[in-house]
Structures are given as C-alpha cells and as structure tokens.
Amino acid sequence: MLTPTIESTRILLRPLQVEDAETVYSNWASDPYVAKYMNWNLHQSVNDTIEWLSLEEKNIVLETNYTWGFVLKENNVLFGSGGITYNKEYEMFELGYCIMKKYWDLGLTTEAAQAIIDFGIQKLGITSYLGRHAIENPASGKVMSKLGFCYQKDGEFSSFDGTRTYKSREYLFSINPVK
C-alpha cells in the first residue's frame, strides 16, 4: 500500500516530498537538539535533506516503510516527521518520530504517533510495534507510555552510519488481533 495521507484532530500526516527540503532542513533536520538522539545524523546542508527526501519518495511504494510529514492544520506548518519501518532484527514494525523544538511538550508527537499506530492496526493489520529511545531522552519514553507501549528492557541502538551508539529503553505495543 502506498503511504496515504491520514489525519488526527490537529495534524495532517502526509507523505514527504523533495519539495519539502528547505522546510524540513530549517525546521528540524539541521537542529542539533532535535537530532541529538536520532539514528540519523544532523543534516549539514539542504542537500542532505534532499538526499533523504528523495529516498522517502522512492520508498513510498514499499510495504516495509511508511513515513509521514506532520503538518499542523491550524497554520499549515510542516513541523516534524515519523512513521513505522519494518525492523528485521525484531521482526516487527518500529515506530519513530521527531518534531521541531518549538512544538515540543504540546502533545503533538503523541497525537501524530497515535494516528500512525491506528493506521497500522486498521489498514495494515499490524498489531505489535517496537519503540526505542535513548535513555537520555525520557520525553520520548513518555510518548510511548501514553500510547500504551510497555517497557521491556534496556538495550542500545546505533546511528545509521555506525558513528554513534546510545544506551536505550525498549518498549512493545501489542493488541490482540480481531478475529
């Protein structure tokens, strides 16, 4: 299934496009506070963002990757991104998200992530999810707890390029499938 546009009360979640590069770069991908605990590296130029968004445009057809840009309905600001990606090691989809610092602590990450989980359950039939965050980033753990994820164990994860490793907390979300 192609990544569709979905909505929550305050947010439009839509596929990202290369045309979003300037906004994504300036709003969060180049912000060291936002990127600090992410598995992707801080974008050094808009070209890094263009490269990533080009890949996202190609991945829109994959059934192992669903990524959205988060647009605040009230002002049409693209303020973050997130989605679910199949994690081969854990054999389940993993939830991930990030938003620009200006919008932290407003419940928007939880709202967007809930819409993503609801989409996965209702449209894809995915009933179990992995969530992880760096131990130094407990706010992400609060989001997972609000969504109903349950802490499982401590672990670690590395950045995509392997240059950074974080001690982490791992969470699982699971519902009984409807028969």
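This is a predicted model: local features need pLDDT of at least 70, side-chain atom pairs count only at pLDDT 80 or more; totals for chains, interfaces and linings use all residues.
1. Eight strands form an open sheet with mixed pairing, and their order across it is β1-β2-β3-β4-β5-β6-β8-β7. Strands β1 (6-7) and β7 (150-158) are the edge strands, as each of them pairs on one side only. The student may trace this order on the structure, noting that β8 stands between β6 and β7 in the list.

2. Strand β2 (residues 11-14) and strand β3 (residues 65-72) run antiparallel and are joined by four bridges. Within this part of the sheet, Arg14 stands opposite Gly69 in β3.

3. Helices on the sheet. Helix α4 packs on the sheet and touches β1, β2, β3, β4, β5 (92-99), β6 (128-134) and β8 (165-174). The direction of α4 makes about 140 degrees with that of β3. Helix α5 (residues 138-147) also packs on the sheet, where it touches β5, β6 and β8. The direction of α5 makes about 160 degrees with that of β6.

4. The nonpolar core. How many residues does the largest nonpolar core have? It has 43 residues, and those with the most contacts inside it are Leu13, Phe70, Phe79, Leu95 and Phe149. Helix α4 (residues 108-124) gives the most to this core, contributing seven residues.

5. Phe79 and its neighbours. Leaving aside residues up to four places away in sequence, Phe79 touches Ile11, Trp28, Phe70, Val71, Leu72, Ile99, Met100, Tyr103 and Leu108. Phe70, one of these neighbours, is likewise listed among the core residues with the most contacts.

6. Leu108. This residue lies in helix α4. Is Leu108 buried or exposed? Leu108 counts as buried because its relative accessibility is 3%, and buried means under 20%. With residues up to four places away in sequence not counted, Leu108 touches Arg10, Ile11, Leu72, Phe79 and Tyr103. Leu53 provides another reference point: its C-alpha atom and that of Leu108 are separated by 22 Å, and the two residues are 55 residues apart along the chain.

7. Ser81. Strand β4 (residues 77-87) contains Ser81. The relative accessibility of Ser81 is 6%, so this residue counts as buried. Again not counting residues up to four places away in sequence, the contacts of Ser81 are Leu16, Trp28, Trp52, Trp68, Gly69, Phe70, Tyr97 and Cys98. Gly69, one of these contacts, is the residue in β3 that Arg14 stands opposite.

8. Cysteines. How many disulfides does a search of the whole structure find? The search finds zero. Cys98 is buried, with a relative accessible area of 7%, whereas Cys150 is partly exposed, with a relative accessible area of 44%.

9. Asp161. The loop between β7 and β8 holds Asp161. Which side chains are joined to that of Asp161 by polar contacts of 2.4 Å and 2.7 Å? The contact of 2.4 Å joins the side chains of Asp161 and Asn41, and the contact of 2.7 Å joins those of Asp161 and Thr163. Asp161 and Trp40 are 121 residues apart along the chain, while their C-alpha atoms are separated by 7.8 Å.

Terms used: Residues are numbered from 1 along each chain as its sequence is written. Side-chain values use heavy atoms; hydrogens and water are left out. A nonpolar core is a set of buried Ala, Val, Leu, Ile, Met, Phe, Trp, Tyr and Cys residues joined through side-chain atoms within 4.5 Å. Buried means under 20% relative accessible area, exposed over 50%, partly exposed in between (1.4 Å probe, protein chains only). Helices (H or I, at least four residues) and strands (E, at least two) are DSSP runs, numbered from the N terminus. Contact means heavy atoms within 4.5 Å. A disulfide is a pair of cysteine sulfur atoms within 2.5 Å. Two strands pair if DSSP finds at least two bridges between them. Axes are lines fitted to C-alpha atoms, for helices over the stretch in contact, and angles run from 0 to 180 degrees between N-to-C directions. A polar contact is a pair of N or O atoms within 3.5 Å; within protein, one must be able to donate a hydrogen and the other to accept it, and residues adjacent in sequence count only if both atoms are side-chain atoms.
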